[in-house]
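Visitor: I have a model open and a few things to ask about it. Can we go through them one at a time?

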Amino acid sequence: MDTKRCFANRFDDYQGSLLAGQCEEAVAPLVTATIERILQELPPLGGGAEARGATAGASGCQGGLYGGVAGVAYMLYHVSQSPLFATARERYLRSAKRLIDACARAEEWGEPDADTRAAFLLGGAGVYAVATLVYHALGRSDYVQPLGKFRALCAVCAPVSFLECGSDELFVGRAGYLCAALVLKQKLAQEVLTPAQIKSICQAILDSGKQYAIKKRKPFPLMYSYYGTEYLGAAHGLSSILQMLLSYHEHLKPSDRELVWQSVDFLMEQEQNCNWPPELGETIERENELVHWCHGAPGIAYLFAKAYLVSKKPQYLDTCIRCGELTWQKGLLKKGPGICHGVAGSAYVFLLLYRLTGNSKYIYRAQSLFPVNLIKMEHLLYTRQHCF
């Protein structure tokens, strides 16, 4: 058992019953209290005048969805959609609008950053996507304004090499932009990009991957790098890029679809004892291996879940299940409760496996793994349309 990055998992495994004491009535007050504490600790976001607020509050709006107040706005939107919090719905949505409006002003009138304009998790695309969702939930017809700004970013990320650091990954690249479009489609129940726009982004990802694979003489058809590193994981690597291509597989030419599947199978072959190294060609050191959403099995599981849903081939589900077994062993991460490299990111794998298999063992494991037992609430809030 790894002693450096995770705590030993001493929980008993599933014996046929879920953990007691995790009903909605017990968990909802914890969620409410957490939200109130977060709102109290937010940084100042600027004054009343829009122009003054945009400049004064710009620093408080940094971090995007991943580490900034735009992520808080999405949290408020997400919780507001649950019937468990119906009495606070309007207040949460109004708070979300205030936060995301400040973020949008910072995007438009703050210091422009060409590297993050089309970024989902770290920039403009994510801000406009959340603004669209919040405005729509409030019943405002002007939700089409941030949606139009989101759509316009398609032209920014369509050129094959629009970012020097790497144009295709999830945080700032095209995979993230496609992911944001998928979330909007699911939440709004409408396609937000035209077929031509979707095809142009997918084709740019394919062309980029083909060019890199040929240039670096890879024995498989699609590969990418980010800041010069050939990542495999969900945060910046091959797995999330392929996941997004599979999410739009109906827009791909049959020959390109085949290249995607060849690359999925290549990645599956890189498995080392239920895990994957952060970078292509590395050998995992068992005493120091990464079992995180960002690098390793907990994030790569989502690719194989999508591959199974599209193809119905059991080998992809089997691979996903192996990811879960390793996560159960090494998912109590010392870095904290977060998603990217924390315990919540591990617990999500079991929600994913429950939705794929219907096996209650995975709900039990999710309950056990998340240390403050808020995972039950996340299961209640987590929509089946979530993109995976």
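Visitor: Where is E287 found?
Guide: E287 sits in the loop between α12 (254-269) and α13 (297-311). Keep in mind that this is a predicted model.

Visitor: How accessible is E287 there?
Guide: Its relative accessible area is 49%, so E287 counts as partly exposed; the exposed class begins over 50%.

Visitor: And how far is E287 from K4, C-alpha to C-alpha?
Guide: The two C-alpha atoms are separated by 7.3 Å, while along the chain E287 and K4 are 283 residues apart.

Visitor: Switching to the overall make-up. How many helices and strands?
Guide: The protein has 17 helices and zero strands.

Visitor: What share of the residues is buried?
Guide: Of the 388 residues in the protein, 55% are buried.

Visitor: What about contacts by sequence separation: what percentage comes from residues 24 or more positions apart?
Guide: Taking contacts with a separation of 6 or more, 65% are between residues 24 or more positions apart.

Visitor: Which residues touch the most other members of the largest nonpolar core?
Guide: That core has 131 residues, and the ones touching the most other members are F150, L245, V260, V264, W293 and F304.

Visitor: Take W293. What is in contact with it, leaving aside neighbours within four places in sequence?
Guide: W293 is in contact with L170, F171, A234, A235, P298, G299, Y302, I339 and C340.

Visitor: Now helix packing. At what angle do α1 and α4 pack?
Guide: Helix α1 (residues 24-40) and helix α4 (residues 69-80) pack at about 150°, and their axes are 11 Å apart. Angles over 145 degrees count as roughly antiparallel, and α1 and α4 therefore fall in that class.

Visitor: Is the crossing of α1 and α4 left-handed or right-handed?
Guide: The crossing is left-handed.

Visitor: Which residues make the contact?
Guide: From α1, I35, I38 and L39 take part; from α4, V72, M75, L76 and V79 do. By class, the contact of α1 with α4 has seven nonpolar residues, no polar ones and no charged ones.

Visitor: What tends to happen to nonpolar side chains in general?
Guide: In soluble globular proteins, they tend to be buried together.

Visitor: Last one: Y74. Which helix is it in, and what does it touch?
Guide: Y74 is in helix α4. Not counting residues up to four places away in sequence, Y74 touches L65, V130, L133 and K187. Between Y74 and V130 the C-alpha to C-alpha distance is 6.1 Å, and they are 56 residues apart in sequence.

Visitor: How is Y74 classed by accessibility?
Guide: Y74 is partly exposed, because its relative accessibility is 24% and buried means under 20%.

Definitions and conventions:
Residues numbered from 1 in each chain as written. Predicted model: local features only at pLDDT ≥ 70, side-chain atom pairs only at ≥ 80, totals over all residues. Heavy atoms only, no water. Axes fitted to C-alpha atoms, helices over the stretch in contact; angles between N-to-C directions. Helix = DSSP H or I, 4+ residues; strand = E, 2+ residues; numbered from the N terminus. Parallel < 35°, antiparallel > 145°, perpendicular 65-115°, else oblique. Left-handed = near helix turned anticlockwise from the far one by under 90°. Contact = heavy atoms within 4.5 Å. Nonpolar A, V, L, I, M, F, W, Y, C, P; charged D, E, K, R; others polar. Buried < 20%, exposed > 50% of the residue type's maximum accessible area, 1.4 Å probe, protein only. Core = buried A, V, L, I, M, F, W, Y, C linked by side-chain atoms within 4.5 Å.
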